[in-house]
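Here is a briefing on one protein chain. Look at the structure first, then work through the points below.

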Amino acid sequence: MLGDLDGDGDNDLVLGNGLANDEVECVFVNDGTGHFSDETAARVTESWNFPTASLQLGDLDGDGDLDVVVGNDGIGHGRFNRVLVNDGSGHFTGRDLVFDYFRTAALALLDVEGDGDLDVVCGDHDHYDKLYLNDGHGAFASATWPRMPATLDETAALAVGDVDGDGDVDLVRGSDWKIATLLVNHHRQVRAPRLPKLGTQWAIEVTATPGYATAAQLAIPFLGIAPAAVSLSPFGTLGVDPATLAVLPFVLLPAPSGIGSSQVAIPNTPVLAGLQLYGQALVLHGGALADARFTNVLRERVDA
Ligand SMILES: [Ca+2]
Ligand SMILES: [Ca+2]
Ligand SMILES: [Ca+2]
Ligand SMILES: [Ca+2]
């Protein structure tokens, strides 16, 4: 991995030791002209040297420098995942990420719940993937349950990005022997457990800060019959055509669940069968309107 480890403006290099079990991670420092020197011995204080399958760089403790997360794999070896904490000058001290002991093949750093610090997802090859939340100072606690799916997916790779355009970070997981999966972040989300059906009530579920809400929140869901992509700063992207938009009643999202739902009566009118509905919500995260954000867009076809 490349990153400016010593804060002098050029990219330095960290190398994992692969499946070798007798080397620590290596640090190569750039002299500013693209020549690298191995300064591992002087810069890395690490008492463990497990087989490393993945590395990520990020500022875990919020002090402005790049720290290193080390994902360790291997069978029959120690393999605790480690953090190399940067002192600001590119000198690192190792410690456990958390007390776990799984075959981590991939790592992702992402701010899962939008509180400004980097959290860690460990993609484990022989176990469930793990989610560790950052306390803002680089100390991590397991939040795997109930936030992560309980599936064994032989994870081999993780990619991070906002797939559904609601401003929170989602995950794509590549697995050995299995199809890749999309893990959508429910930090701010609308979804419908069932299809809209003529002559029935259709439930739209709205989530915001699910499971970790510290105060009740409100959401304003709305529906339309055509999509849009209207950027409305700072709220995000309005994904429902305003010309067809019908606003639904406020939904209360109590704490700590952060989950509420809205019921929509679908008329028993055959002409509506097959109609495409687009649903979205504006979540009022705090008292200030400036904190409100749009969710993803729900797309469902009315079933006869
Ligand atoms: Ca540098
Ligand atoms: Ca740091
Ligand atoms: Ca976070
Ligand atoms: Ca998202």
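Buried residues make up 38% of the 304 residues in the chain. The model is predicted, and the chain averages a pLDDT of 93. Its secondary structure comes to two helices and 27 strands.

**Overall picture**
- Along the principal axes, the C-alpha atoms fill a box of roughly 75 × 40 × 35 Å.
- Take the contacts with a separation of 6 or more: 51% of them join residues 24 or more positions apart.
- A pLDDT of at least 70 is reached by 97% of the residues.
- Confidence is lowest in helix H2 (residues 144–147), with a mean of 87. It is highest in strand S27 (residues 298–301), at 97.

**Nonpolar cores**
- In soluble globular proteins, nonpolar side chains tend to be buried together.
- The largest nonpolar core here has 31 residues. Those with the most contacts inside it are Val-68, Val-69, Leu-107, Ala-108, Leu-109, Val-120 and Val-121.
- Several strands each supply at least two residues of this core, among them strand S7 (67–72), strand S10 (104–110) and strand S11 (119–124).
- S10 gives the most to this core, with six residues.
- A second, separate core has 20 residues, including Val-190, Val-206, Phe-222 and Val-297.
- What does Val-121 touch, leaving out residues up to four places away in sequence? Its contacts are Ala-108, Leu-110, Asp-129, Lys-130, Leu-131, Leu-158 and Leu-171.

- Strands of a sheet pair through backbone hydrogen bonds, either parallel or antiparallel.
- One open sheet has four strands in the order S10-S11-S12-S13, and the pairing is antiparallel.
- S10 and strand S13 (140–142) stand at the edges. Each has a single partner strand, so one side of each lacks a neighbour in the sheet.
- On average, neighbouring strands of this sheet are turned by 25 degrees against each other, direction ignored.
- S10 and S11 are joined by six bridges. Leu-109 has Val-120 in S11 as its bridge partner. Both residues are also on the list of those with the most contacts in the largest core.

**A sheet of three strands**
- Another open sheet has the order S17-S18-S24, again with antiparallel pairing.
- Its edge strands are strand S17 (188–191) and strand S24 (259–265), and each pairs on one side only.
- The twist averages 20 degrees from one strand to the next.
- Four bridges join S17 to strand S18 (residues 201–208). The bridge partner of Arg-188 is Ala-208 in S18.

**Strands S14, S15 and S16**
- Strand S14 (residues 155–161) and strand S15 (residues 170–175) are antiparallel and share six bridges. Gly-161 stands opposite Asp-170 in S15.
- S15 also pairs with strand S16 (residues 181–183), in the antiparallel sense, through three bridges. Here Arg-173 stands opposite Thr-181.
- The hairpin of S15 and S16 has five residues between the strands. Trp-177 lies in this loop.

- Trp-177 has a phi near 70 degrees, a positive value in a residue other than glycine.
- Is Trp-177 buried or exposed? It is exposed, because 7 other C-beta atoms lie within 10 Å and the cut-off for exposed is 12 or fewer.
- Thr-209 also has a positive phi, near 45 degrees. It is found in the loop between S18 and strand S19 (217–224).
- Thr-209 is buried, because it has 23 other C-beta atoms within 10 Å and buried requires 20 or more.
- A cis peptide bond joins Trp-145 and Pro-146, with omega about 0 degrees. Pro-146 sits in helix H2.
- A cis peptide bond also joins Ser-233 and Pro-234, with omega about 5 degrees. Pro-234 lies in the loop between strand S20 (227–232) and S21.

**Focus on Thr-237**
- Thr-237 is found in strand S21 (residues 236–240).
- Thr-237 is partly exposed, with 18 other C-beta atoms within 10 Å.
- Leaving out residues up to four places away in sequence, Thr-237 touches Gly-165, Ala-229, Val-230, Ser-231 and Phe-294.
- Thr-237 and Leu-15 are 222 residues apart along the chain, and their C-alpha atoms are separated by 39 Å.

Methods
Residues are numbered from 1 along each chain as its sequence is written. Chains are lettered from A and ligands numbered from 1 in the order in which they are written. This is a predicted model: local features need pLDDT of at least 70, side-chain atom pairs count only at pLDDT 80 or more; totals for chains, interfaces and linings use all residues. pLDDT is the predictor's confidence in each residue, from 0 to 100. Two residues are in contact if their C-beta atoms, placed from the backbone, lie within 7 Å. Two strands pair if DSSP finds at least two bridges between them. Axes are lines fitted to C-alpha atoms, for helices over the stretch in contact, and angles run from 0 to 180 degrees between N-to-C directions. A nonpolar core is a set of buried Ala, Val, Leu, Ile, Met, Phe, Trp, Tyr and Cys residues joined through C-beta atoms within 7 Å.
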